[in-house]
Amino acid sequence: MVKSTNHSQQPNQKLSMRESPDPPFEETYKKLFDDIRIGKASNINYHNLFVVEECELPLIDLELLNGREFEREECKRKIAKASQEWGFFQVVNHGISHDILEKMRMEQIKLFKKPFNEKMNEKNHKFSKGSYRWGTPSATCLQQLSWSEAFHVPLTDISNSSGVSSLSTTMEQYATTLSELAHKLARILSEKMGYKSKYFRETCLVNTCYLRMNRYPACPLSPQVFGLMPHTDSDFLTILHQDEIGGLQLVRDGKWISVKPNPQALIINIGDLFQAWSNGVYKSVEHRVVTNKAKERFSTAFFLCPSYDTEIRSCFEPPVYRRFTFREFRQQVQEDVKNFGYKVGLPRFLVSSH
């Protein structure tokens, strides 16, 4: 339906846009949406948008790490097995209190419910420049558009603003506890590869890790538009806390499957750096978020990242991937997104490609 441009309506429209929390997706990406309406977007493979089945990720009770030796070893074995076969798993009794998770969710919702223009104005929050992101600036087709908004916050921003607001206090509690969990899991995965080093403690410091708060507004063009386009994570480990709405999907045995939400669990997934470090043993799996016509969705992700100068090298010979720094990897990803509209990732660093 074509909107009226009657001058008498313009003040109300502007006021509505100024007060709405939603980014102006349809106005900004009008041409992409027009293409789908008039049939120009027929090259989209809609079959790929529909999921074959819903599944529950491997569920691991971390309480067993406090048990007897055989229980501890069995728990570690399950963590490594899921990381090899799925690239994803979920954990319960993870040590993050329900109170912290709930406080984080409420603070996040309060932040995202602010008017869009207020969120765009970086003077209104204490985060680094460019922390607030929405849509996909480089999108040239609907498959490259992400119908979502996010605050991508370095942990140093959180510690620097500690105590300034209830949001910063809650974020610091949340990030501190998730950082410890991430390091515990990284150590276990390292040990199962035969390495008992301080590599992750020495390279993944507070000033190199990130917290990302996500909101996926209800989308009238669901399912043609993704909440987050298919990708792999460019880190060692990601820890995700999501609501009960659902929408996370991943590739398993060559097909997309939908992850059934578990309110008690945190979701862990392997990132590109761990796949390279483990010489391809642990899998960084492609995943995406689908939109919902009627409901918005919230999630928060913690990313375990090294310093930009950290060298990533395969821990076995012969190596599958050549050595590279995290900076080099990030720059290559940014270059590919700019040139092609999507991330190529680890295939760029295969030994066989050089």
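Colleague: What span should the 27 residues of α8 have at 1.5 Å a residue, and how far apart are its end C-alpha atoms?

Modeller: Helices here are DSSP runs of H or I with at least four residues, strands are runs of E with at least two, and both are numbered from the N terminus. The expected span of a helix is 1.5 Å times one less than its number of residues. For the 27 residues of α8 that gives 39 Å, which agrees with the separation of its end C-alpha atoms, 39 Å.

Colleague: What kind of model is this, and how are residues numbered?

Modeller: This is a predicted model, in which local features need pLDDT of at least 70 and side-chain atom pairs count only at pLDDT 80 or more, while totals for chains, interfaces and linings use all residues. Side-chain values use heavy atoms, with hydrogens and water left out, and residues are numbered along each chain as its sequence is written, from 1.

Colleague: Which residues is Lys192 in contact with, leaving aside its neighbours within four places in sequence?

Modeller: Lys192 lies in helix α8 (residues 166-192) and is partly exposed, with a relative accessible area of 37%; buried would be under 20% and exposed over 50%, with partly exposed in between, for a 1.4 Å probe and protein chains only. Taking contact as heavy atoms within 4.5 Å, the partners of Lys192 are Glu73, Lys76, Arg77, Ala80 and Tyr282.

Colleague: Which strands stand at the edges of the open sheet of 8 strands?

Modeller: Two strands pair if DSSP finds at least two bridges between them, and the sheet has the order β2-β3-β11-β8-β13-β6-β5-β4, with mixed pairing. The edge strands each have a single partner strand, so one side of each is left without a neighbour in the sheet; they are β2 (59-61) and β4 (132-134).
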